[in-house]
Amino acid sequence: MRFSDEWMIPVAPGQAVDWGWAPSGGAPKAVTWHWTATADLARCDALIGGASAERQGRASAHYGIGRSFEEGIHRYVSLANRSWHAGKNQTLRWDGRPMESEDDKGARTCIGVETVNVGFARDEFPADRDWISAASVDGRRRMLVQPWTEEQVELMIAVGWEIIGRWPHLGPRDHHGHHDLCPGYKLDVAGFPFARVLRGIYQDESIPDVWSGVWTPRGRRAALRQLRYGPLPPVDVDVWTRLDDLALRRFQADQDHQPDGLWTTAVSWKVWEAQGGNISLPPDSSSHPLDDRA
Ligand SMILES: [Zn+2]
């Protein structure tokens with residue numbers, strides 16, 4: 001049995017769950033993907049699952065997805081209700097636009113899905129050869145991210161099917177990461193395999209990969225250069241510079257997007273559109289993650 005309800009959080013005062021979707025009779029607007037920053041699902045359960053979690057009344061999510069079929073999927077909150085997975089230090093909405101009110105908070109607008117992944121490499125979790133080279137949404141933070149497993153991708157697709165079974169209005173463009181809502185505060189889910197997961201959920205191989213080519217400064221710069229934005233630093237400089245920032249802001253302004261210098265999922269989609277729906281980026285540094293540690 002892949003899905004377990006053993007860790008459902010009761011909808012009760014003092015718990016990080018709210019009845020329904022606002023306004024009354026409403027529906028979620030999008031899906032927010034997270035990494036747990038834990039090594040396993042049991043730790044995620046202890047933090048947010050069940051009636052007496054460590055973060056009881058402070059944080060939750062709709063699902064926790066393990067790294068293997070054996071760990072499986074734990075439901076924490078029903079899709080009929082809201083979970084408290086994003087909102088703190090949030091500046092952008094589900095669509096990449098600035099927040100206008102408290103009602104735009106992720107916890108009030110989006111389904112939250114936690115995926116077990118330690119996140120970026122650090123002392124207790126050193127990177128392996130296959131870790132993914134990625135940058136934060138603001139481009140300033142470089143990291144090597146633990147890859148999601150093959151079994152986990154299948155589990156994520158199964159969760160996606162449950163989500164769109166309940167809320168069929170949610171399409172491929174209604175998925176983003178926690179970092180898209182809280183840039184500068186959250187780094188999850190840099191490096192996430194959005195294309196594979198969404199192609200599986202929607203059973204549509206034509207869904208473009210607007211993400212993996214622009215996880216790094218080098219990839220983002222190549223995309224801007226292809227769109228004739230410049231001047232830009234040489235391609236091999238894999239840090240995000242002032243020139244890159246200015247070029248991105250000009251691109252955003254031309255696209256009627258706020259020029260905030262943040263490379264969110266919404267911006268990745270705009271880049272894809274500006275390229276005529278036809279991304280042909282050069283191979284990115286992510287295929288050689290260890291180069292970035294030199
Ligand atoms: Zn998160």
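Residues are numbered from 1 along each chain as its sequence is written. Because the model is predicted, local features need pLDDT of at least 70 and side-chain atom pairs count only at pLDDT 80 or more, while totals for chains, interfaces and linings use all residues.

View 1. Helices (H or I, at least four residues) and strands (E, at least two) are DSSP runs, numbered from the N terminus.

**View 2. Six strands form an open, mixed sheet.** Follow the strands in the order E1-E5-E4-E7-E3-E10; two strands pair if DSSP finds at least two bridges between them. The edges are strand E1 (3-4) and E10, each pairing on one side only. Helix H3 (residues 150-166) packs on this sheet and touches E3, strand E4 (63-65), strand E5 (73-75) and strand E7 (110-115). The direction of H3 makes about 160° with that of E4. Axes are lines fitted to C-alpha atoms, for helices over the stretch in contact, and angles run from 0 to 180 degrees between N-to-C directions. At one end of the order, strand E3 (residues 30-35) and E10 pair in the parallel sense over three bridges, with tryptophan 33 bridged to glycine 177 in E10.

**View 3. E8 and E9 make a hairpin.** E8 pairs with strand E9 (residues 142-145) in the antiparallel sense over four bridges. One of the pairs to look for is alanine 134 with methionine 143 in E9. Six residues sit between the strands of this hairpin, and glycine 139 takes a positive phi near 80°.

**View 4. H3 packs against H5.** Helix H5 (residues 194-202) packs on H3 at an angle of about 45°, with the axes 8 Å apart. That angle makes H3 oblique to H5: under 35 degrees counts as roughly parallel, over 145 as roughly antiparallel, 65 to 115 as roughly perpendicular and the rest as oblique. Val153, Met156, Ile157, Gly160, Trp161 and Ile164 in H3 come up against Arg196, Val197, Gly200 and Ile201 in H5. These contact residues comprise seven nonpolar, two polar and one charged.

**View 5. H6 packs against H7.** Helix H6 (residues 217-226) and helix H7 (residues 242-254) pack at about 50°, their axes 11 Å apart, so H6 and H7 are oblique to each other. From H6, Pro217, Arg220, Arg221 and Leu224 meet Asp244, Ala247, Leu248 and Phe251 of H7. Five nonpolar, no polar and three charged residues make up this contact.

Notes: Two residues are in contact if their C-beta atoms, placed from the backbone, lie within 7 Å. Ala, Val, Leu, Ile, Met, Phe, Trp, Tyr, Cys and Pro count as nonpolar, Asp, Glu, Lys and Arg as charged, and the others, Gly among them, as polar.
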